[in-house]
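Student: I have a structure open and want to learn how to read it. Where do we start?

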Amino acid sequence: MNIAVLRPQVPFARGGAEIFTDRLVEELRARGHEADLVSVPFKWYPGARVLTQAFLWRLLDLEEADGRRIDVVVATKFPSYLIRHPDKRVWLLHQFRQAYELDRGELGQFGESSEERTLRRKVQALDRVALGEATRLFATSRNVADRLARSTGLEAEVLPHPPQELDYRCSSYENFVLSVNRLDRAKRIDLLLEAAALDSALEVVIAGDGPDRRRLEELARDRGLDGRTRFAGRVSEEELADLYGRCLAVYYAPVDEDFGMVPYEAFLSEKPVLTTTDAGGPLEVVADRRTGLVVSPDAAELARAMGWLREHRDEAASFGRAGKAIAAEVTWDRAIARLLA
Amino acid sequence: MRIAYFSPMPPERTGVADYSTLLLSALRERLDVTVVRRGRKRAPRGADVSLYHVGNNPDAHAWIVDALRREAGVVVLHDFVLHHLVAGMTVGRRDGHGYLDAMEREHGVVGRLLGHGVLDKRIPPLWESRPEDFPLAGFVLEHATGLIAHSRTVHDLARSAGYDRPIWIVPHPAWPVPTTAPERVAAGPVIGCFGVVNASKRIPELLRAFAGVRERHPEVTLLLVGPTSPGFELDRRLQRLGLADEGLVREGWADEPRLWALMAGADACVNLRHPTMGETSGSAIRSLSLGKPLVVSDVGWFSELPDGVALKVPVDDHEVETLAAALELLVTREDVRVEMGLAAQELARREHDLDRVAELYVAAIEEAAGGEAVGEAVLREVSEAAADVGISAETAEAREIARRLAEVELG
């Protein structure tokens, strides 16, 4: 089967969506399909550019390429699903969240003028039309599917995908909590730092880079965390596997996250996940005192939870192992079989 | 966002006034709404969007359409067939030419000639005899920057009439069910019919069907609530069918608490209609909220009701027999009534929930508010990019781009 995987690209940015789509193409090829990645740059500001840049996808003709029919397209996130194709499958990572649950919040984009309000609604209208055309509609998590149903009335099948391929292992439960994330406000790394400030025995390693890094580094300095907090920046795959393998637990508490591969990566390393009650997608796999700890989004609560794990390493290990059993169920074989059924 | 809200309001006794009272309670929690005083022709200064509620009754809506024709805005179309309204705003104001123009604009020379026939009293007024064949909705639609419809039926009618601006389908909101005790008017099963008693509510057909049911099930009662239209001769019909003395309970206009109590005391409700003006029935919505199984005509909005909540009676040669069978099923099968009633309540809760409806209004209003500016910005950017690479207007490529913009509602 000839399959095009569609990915909007923000130049110079690389995150979960990029890792996922690259891997999807590889996995499709590994199963004998002709698969390729189709990527179009996306810029969502200023003003109506969110619509005109989205519209670029509508002008593409992916029914065939150089005389070869493209049997299936797999769109992944806004606005790639604006594509026209007789077999358009959507594996939805997320909609354009600024037009939905992030609106009027710290991470919102649209102001209160008539034009800005209309822009937001036009994005929603695009979703209704374009996602409504899909021949199959999947969402990476229940959280994403529920948001979609609430905002458009469209029902998606939940289809999680495995995390990136690393040399996952569990070598020890050392004294640090690991955060793996792009450093932006939505990932709420500051909450982890505030918790660390409340527990002088707590060590933190923060892997990842992003626009919020300078602020977070200043916050760590202000709270006197030098020496106990390390900003590791963007790390290699081997270093990441090593950090997962040695940490005590993994912190992952974005605000209302879509899905999040980090809990699966932690689980494959037999590590428990610390998250919060408002984290969204991660709560579908992180169950309190079964595969990790779930606390309210409060630094003191978080500090207590991390202290508890430090004092109860056997339980931490058993949570991690329980998580591994869940993560092992999510395989590319199963996901691709459903995607192409 | 500031909204100028044009609608009949209580104490006017119209369904739209009741509707607006209910809707405003939720809309005001979300938007800055100013209700425009009856008779005013302009929106207050600073309004971002004007919202015009338009129905077929000229007494209630003519002033609103006058204001719409001065300043375009979003129209909430409560009826698609507006012939009576247009006649009231033209013939009723001694503006025969206006009526002829409206007829010609939508129905060509034949329409104009028919209009002459009406004005010369050579043929009966079309707004009484055949309004559904000459809806004259264009009189309003041409000034609507967007349309809020309560049903797919009205959406499709507007599209087939050539309306190409945005249409949002927003269901009729359900009233909160009051705690009034049900009032049972008889010991046996009660079929309730609520609303004006006239031919277009298919009362003659209902009476004939009910008379047949009652011959086989004398314990059944028909409760008829609502004023009788002039000239309908209800009493004569009842006498002829043997329903004058027994089997039927008659009550005229009922205030809101009484209406709810009587409806709550019925075992099933009948809501028939033909011809339909494209309207949604407030009475049917109340029945759904109360969890009453419904019998409806298979027309317009009523056809859109799920089969699980309403038995639909086609308006054809077998209408009376089909209707009798539907009534008989409901009066004899409690299990069916219970199942349909639960489905009705669930539908009211899911589809017609007031907060949901208010959110849909906000979405429509927000999309409409800056719609022109956003639409122009998109078209400007796309056309400039096209022109930069030599694609000029009126070429096949430009038409293809326009087609794709329209597909995703951007052009």
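Tutor: Start with the domains, whose bounds come from an automatic or database domain assignment. For chain B it gives domain 1 (2-169), domain 2 (190-352) and domain 3 (370-407). For chain A it gives domain 1 (2-159) and domain 2 (176-329). One caution: this is a predicted model, in which local features need pLDDT of at least 70, side-chain atom pairs count only at pLDDT 80 or more, and totals for chains, interfaces and linings use all residues. Residues are numbered from 1 along each chain as its sequence is written, while chains are lettered from A and ligands numbered from 1 in the order in which they are written.

Student: How many residues of domain 1 of chain B are in contact with domain 2 of chain B?

Tutor: Two residues are in contact if their C-beta atoms, placed from the backbone, lie within 7 Å. By that test, 15 residues of domain 1 of chain B meet 9 residues of domain 2 of chain B. On the domain 1 side, helix H1 (15-27) and helix H7 (152-160) of chain B each supply at least two residues. Helices (H or I, at least four residues) and strands (E, at least two) are DSSP runs, numbered from the N terminus. H7(B) gives the most to that side of domain 1, with 4 residues. By class, that side has 5 nonpolar, 6 polar and 4 charged residues. Here Ala, Val, Leu, Ile, Met, Phe, Trp, Tyr, Cys and Pro count as nonpolar, Asp, Glu, Lys and Arg as charged, and the others, Gly among them, as polar. The C-alpha centres of these two domains are 28 Å apart.

Student: And which elements of domain 1 of chain A touch domain 2 of chain A?

Tutor: Strand S6 (88-94) and helix H4 (142-152) of chain A give two or more residues each. H4(A) gives the most, with 3 residues. In total, 12 residues of domain 1 of chain A are in contact with 10 residues of domain 2 of chain A. The domain 1 side divides into 3 nonpolar, 6 polar and 3 charged.

Student: What should I look for in a nonpolar core?

Tutor: In soluble globular proteins, nonpolar side chains tend to be buried together. A nonpolar core is a set of buried Ala, Val, Leu, Ile, Met, Phe, Trp, Tyr and Cys residues joined through C-beta atoms within 7 Å. A residue is buried if 20 or more other C-beta atoms lie within 10 Å of its own, exposed if 12 or fewer, and partly exposed in between. The largest core has 118 residues, and B:Leu51, B:Val75 and B:Ile365 are among those with the most contacts inside it. Domain 1 (2-169) and domain 2 (190-352) of chain B both give residues to this core, so it lies between them. A second, separate core of 56 residues includes A:Leu6 and A:Val144.

Student: Is B:Val81 buried or exposed?

Tutor: B:Val81 is buried, because 24 other C-beta atoms lie within 10 Å. It is found in the loop between strand S4 (73-77) and helix H3 (83-89) of chain B. Leaving out residues up to four places away in sequence, B:Val81 touches residues including B:Asn56, B:Pro131 and B:Met277.

Student: Now the chain contact. How many residues does each chain give?

Tutor: Chain B gives 20 residues and chain A gives 19 residues. H16(B) gives the most to the chain B side, with 7 residues. That side has 12 nonpolar, 2 polar and 6 charged residues.

Student: At what angle do H3(A) and H15(B) pack?

Tutor: Axes are lines fitted to C-alpha atoms, for helices over the stretch in contact, and angles run from 0 to 180 degrees between N-to-C directions. Helix H3 (residues 114-132) of chain A and helix H15 (residues 354-369) of chain B pack at about 115 degrees, with axes 7 Å apart. The residues of their contact divide into 3 nonpolar, 2 polar and 5 charged.

Student: Which backbone features deserve a check?

Tutor: Most residues other than glycine have a negative phi, and most peptide bonds are trans. A cis peptide bond joins A:Tyr45 and A:Pro46, with omega about -5 degrees. Another cis bond joins B:Pro10 and B:Pro11, with omega about 15 degrees. B:Glu233 has a positive phi, near 60 degrees. B:Glu233 is partly exposed, with 13 other C-beta atoms within 10 Å.
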